[in-house]
Amino acid sequence: LIMPASWLRYRLFSLPLPFWIFLVLAAAAYLSGVRSVPFHPDESTQLFTSGDAEIFWQRPADVFWRPENEGSLRQLYRELDAPLTRNLIALGRWAAGRSAPAADWDWGKTWEENRQAGALPDEKLLLSARLAVAALFPFSMLLLFLAARNLSNEFTAWAAVLLLASNSLVLLHTRRAMAESALLFGSILTLWAMLRAGRHPWLAGFAAGLAFCAKQSLAALAPAGLLGVIDQEALPPRLWLKKAARAAALYGAAFLAVTLLLHPFAWGNLPAAVRASVQARQNLARAQTNDRPGQALNTPGRKLLAMTGSLYLTPPMFAETSNYQKETQAAEAAYLANPLHSLFRTLPAGSVYLTLSLFGFGAGVCGALRGSRRKLALLLAATVLQAGALLIAVPLPWQRYYMPMVPFTILWAAYGVDQVFSRAVSQSRGRLRLPGGTPGDSCTPRRRQ
């Protein structure tokens, strides 16, 4: 419904047949492994909060923010968590004919105590929730292919989807009934829309708003999307300003519309709900660092190392604490028996992946400095904004907190592979092609003769 008919006709159906075959096979393999992912207690919490759908359906005002409900667990989760994932899980439950659990997971209790309290979901309920969010993966692959092709070429697009389909972090974190699948989809949708935002400002605003509703940390992409809708066409200043203001207004209106639509929690008292949400997030971050002072990311160096290690080097992190390691270790060992689930998560392979990403990023900087590659400049801006936001806000070195950066690592690595391949081909033909340009280009302006 959100995609222009012209795009559906001339873009979607013009994709090569091998891509559609790969998409179907990769999606089938991805979805067939949903059951194998070890359980995380936060999945129980997401299932519990998905009960808001029934509450809203029966008594909409009961989900509104109210000062007298500040001690309520459900209101706390509405303040803390973005709504998209719990809504998707509710749809999955409804399709399976299942109800939300009445109890939330209590980290202070044992596994057995939580099971007896009804907080441990049965296999069918958990599967319905996981499939509801995992169903976004084929669309994430499709949009990433289109975004990479728009950014560079079809070779880069193929490299990007291959890296996405084999990414260990994606295979683990997005196949659980948690926020990461919606986060990945929202981030890639925003990047795709940003690269074509000049034509459809409202679409870029919708995508950025949906991303924010998937995970609040993706709010960092909103300024990049706004830059994307500002046309660089050479016009008289007054006419350009008028056109830019109209595009920004469409972008902002679409962003606000989808954000408010998916946050009925804020309908009763928007300012108070926003203040309560900000305060709840601050309290959570403070509590996390107080509980684990030895893990706190309190220096720029530790923050940068944590981000780099989480994205490229450390093994898949099944849980952030060892509370229930005894109950999950068998499932974790079985999961890691599949070599694809830990692909590239060694120091040598991760270092190569990191080098390709950095090379691609450097090539993007070179292309943007020449002023002829606006799309590269937009992706660079989005990368810096998202990375900066995570470096500032993430309090602990928990792998899934860095998932908003995964699409960027993939795109820059794919672009780096394309640039390496292009150089190799050019040199084999006796020509030199420098990053992001045509043979003979340079990263720096040529001197006047």
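A nonpolar surface patch is made of residues with over 30% relative accessible area and no salt bridge, with nonpolar side chains joined within 5 Å. Keep that in mind for this predicted model. One such patch is formed by Leu256, Leu260, Leu261, Trp267, Leu270, Val274 and Val278. Together these residues have about 640 Å² of accessible area. Two elements give two or more residues each to the patch: helix H15 (237-261) and helix H16 (270-291). Valine 274, for one, is found in H16.

Stay with H16. Helix H5 (residues 73-80) packs with H16 at an angle of about 90°. The axes of H5 and H16 are 8 Å apart. Angles of 65 to 115 degrees count as roughly perpendicular, so H5 is roughly perpendicular to H16. From H5, the contact uses Leu76, Glu79 and Leu80. From H16 come Ala276, Ser277, Ala280, Arg281 and Leu284. By class, five residues in this contact of H5 with H16 are nonpolar, one is polar and two are charged.

Now turn to another helix pair. Helix H3 (residues 41-49) and helix H6 (residues 84-96) pack at about 80°, and their axes lie 8 Å apart. That angle makes H3 roughly perpendicular to H6. On the H3 side, Gln46, Leu47 and Thr49 take part. They meet Thr85, Arg86, Ile89 and Arg93 in H6. This contact of H3 with H6 has two nonpolar residues, three polar ones and two charged ones.

Glutamate 43 sits in H3, while arginine 130 sits in helix H8 (residues 123-134). The two residues are 87 residues apart, and their pairing links distant parts of the chain. In total, the structure holds 12 salt bridges.

Key: Residues numbered from 1 in each chain as written. Predicted model: local features only at pLDDT ≥ 70, side-chain atom pairs only at ≥ 80, totals over all residues. Heavy atoms only, no water. Axes fitted to C-alpha atoms, helices over the stretch in contact; angles between N-to-C directions. Helix = DSSP H or I, 4+ residues; strand = E, 2+ residues; numbered from the N terminus. Parallel < 35°, antiparallel > 145°, perpendicular 65-115°, else oblique. Contact = heavy atoms within 4.5 Å. Nonpolar A, V, L, I, M, F, W, Y, C, P; charged D, E, K, R; others polar. Patch = residues over 30% accessible without salt bridge, like charges linked within 9 Å, V, L, I, M, F, W, Y side chains within 5 Å. Areas by Shrake-Rupley, 256 points an atom, 1.4 Å probe, with all protein chains shown as cover. Salt bridge = Lys/Arg side-chain N within 4 Å of Asp/Glu carboxyl O.
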